[in-house]
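Here is a short briefing to read alongside the model.

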Amino acid sequence: MPEKYDAIIIGSGSNGISAAIRLQQKGLKTAIYEQASTPGGATRTQELTLPGYKHDVGSAILPMGVASPFLGKLPLHEHGLEWIYPEIAYAHPFSDGTAYACYQNLYETASQFGEDEKAYLNIFEPLVKNWDKIGGDLLGPLGIPDYPLDFMKFGLKAIPSSKMLVNHYFKNEKTKTFFYGSAAHSTLPLTNIASASFGLVLTTTAHKYGWPFPKGGAGKFTEALLGYYKSIGGELHLNTFVEDVRDIPNAYAYLFDLTPKQLLNIKGLNFSSLYRKRMDAYNYGAGVFKLDWALSEPIPFTSEKCRKAGTVHIGFSTDEIEISEKGIHEKNMTSKPYVLVAQHTPFDDSRAPEGKHTAWAYCHVPNGSTEDFTEAIEKQIEKAAPGFKDTILAKSFMNTHQLQEFDPNLVGGDINGGKQDITQLFTRPIAKINPYSTPNPRVYICSSSTPPGGGVHGMCGYHAAGAALKDHFKELMKK
Ligand SMILES: Cc1cc2nc3c(=O)[nH]c(=O)nc-3n(C[C@H](O)[C@H](O)[C@H](O)COP(=O)(O)OP(=O)(O)OC[C@H]3O[C@@H](n4cnc5c(N)ncnc54)[C@H](O)[C@@H]3O)c2cc1C
């Protein structure tokens, strides 16, 4: 009997939709089943504070939406997506009121660093130049790279810890702190091997593409992805929590946009006990504490560079950021956390009532923490932007439990679908030639718990769909 669908995708996060699009593009009959009443997983926009103030509940700045070799090529503008590029991708304020900016222009950026200018160019000039060669391999599973020499050169810089990298290249504390700001996105201690790789990749994308965000909210990105998916014949079913694979229609392939813990709870998958044991050993990373504000005016950063940036990294010295990011893993949180701030409304007036503003921020916290970090985060911002607290009209916070309620993939508040350390970065969820497949030949994993991990790039979904195409629809792979 023919199956009702060729493939069913469970979960409508950016990876689930990407997997569905790749399969649907090949002419297959696909459907997405999503438990929530709104699609998008951690890429959704809601009025969290006051009517008319639109907040990105999860992802907010989407450089990988343009840098991704898959998403970057989709005709999303035809489905309402408009990118906004702040003049400065990210800025990093210091306690003396000055700041460093990451401009898209590599040389303008480097020119701020005085005696570290040359070292900055030594790091980033080759990466920006060779991104087209190495980017695809970095955003996929472990394998033989297309350009082994360029990939190896990247690896030599990326494998050390952030601390080793900054001490090797830079002389000034400010330049080191600036690099830490992007490397700390890893959610790893800055002394961990390979933590530098996050700063290298994120900053390279800032120079190569800028750090844009969708006009109107990150949810507009999901809307555009789904608009395109439906235009090529895809189906979306909301409000369907999949507990047992036998409850959804038959298909040749099922692609789960879920993390290992959730997948193991799905009934009817017939996984071997060995596979279950290995998946059970998968490590989740630190969580986040998330804050959103409705504001009477933009954040009054002392430095103009911070006012012109879409993202602001706050951590006033290398020591401060190191202590913060080490503390989350030792369950010993500092009162001065490293804070990531995103501000959209200075560049996008469609997200708040006329003349009003919003801001988005989080700090890393121990996985599963229910502690309230509102005061600590606001204090950090206030230091870089005196008067900030007076601009607050309303606020909303989400601890790790509330984030997981919002999206069950955010296990313990982990926003990357699992720890991204050297042991799990490329070999997630377990070390395997094809990390997207499972012992059940019809079942695949397409979430950020597979390579290349967290972020709105869709590449986990793209590669998982590739694996399903190869196994079940070989002829179509040739097209
Ligand atoms: C606070 C926060 C800030 C972030 N900031 C950024 C950022 O600025 N830039 C960036 O690139 N990335 C950011 N991220 C990370 C990014 O959002 C994630 O890496 C990305 O969303 C992962 O996509 P995914 O498709 O793997 O999973 P998700 O987006 O989590 O989607 C999984 C989907 O599966 C559904 N689901 C789960 N279980 C079931 C079930 N049993 N049945 C049916 N459906 C189910 C969920 O409801 C959800 O819709 C952030 C994340 C958070 C939470």
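Pro429 sits in the loop between α15 (400-406) and β16 (443-445), where helices (H or I, at least four residues) and strands (E, at least two) are DSSP runs numbered from the N terminus. This is a predicted model, in which local features need pLDDT of at least 70 and side-chain atom pairs count only at pLDDT 80 or more, while totals for chains, interfaces and linings use all residues. Residues are numbered from 1 along each chain as its sequence is written, and side-chain values use heavy atoms, with hydrogens and water left out.

**Backbone details**

- Most residues other than glycine have a negative phi, and most peptide bonds are trans.
- The peptide bond from Arg428 to Pro429 is cis, with omega near -5 degrees.
- Pro451 and Pro452 are also joined by a cis peptide bond, with omega about 10 degrees; Pro452 lies in the loop between β16 and α16 (459-472).
- Asn239, a residue other than glycine, has a positive phi near 55 degrees, and its place is the loop between β9 (235-237) and β10 (251-256).

**Ligand site**

- Around the ligand there are 38 residues, of which Glu34, Gln35, Asp257, Asp407 and Gly455 come nearest (a residue counts as near if one of its heavy atoms lies within 4 Å).
- An oxygen atom of the ligand is 2.6 Å from an N or O atom in the side chain of Glu34.
- Polar backbone atoms also take part: one of Val456 is 2.9 Å from a ligand oxygen, and one of Ser14 is 3.2 Å from a ligand oxygen.
- The ligand taken alone exposes 1000 Å², and the protein buries 95% of that (Shrake-Rupley method, 1.4 Å probe).
- The elements giving two or more residues to this shell are α1 (14-25) and β14 (357-365), and α1 has the largest share with 3 residues.
- By type, the shell divides into 15 nonpolar, 19 polar and 4 charged residues (Ala, Val, Leu, Ile, Met, Phe, Trp, Tyr, Cys and Pro count as nonpolar, Asp, Glu, Lys and Arg as charged, and the others, Gly among them, as polar).

**Helix pair α4 and α8**

- The axes of α4 (residues 117-138) and α8 (residues 196-209) come within 9 Å and cross at roughly 90 degrees.
- The two helices are therefore roughly perpendicular to each other (65 to 115 degrees).
- Residues that meet across the pair include Trp131 and Asp132 in α4 and His207 and Lys208 in α8 (contact means heavy atoms within 4.5 Å).
- The residues of this contact divide into 10 nonpolar, 5 polar and 2 charged.

Technical notes:
Axes fitted to C-alpha atoms, helices over the stretch in contact; angles between N-to-C directions. Parallel < 35°, antiparallel > 145°, perpendicular 65-115°, else oblique. Polar contact = N/O pair within 3.5 Å; in protein donor to acceptor, adjacent residues only side chain to side chain.
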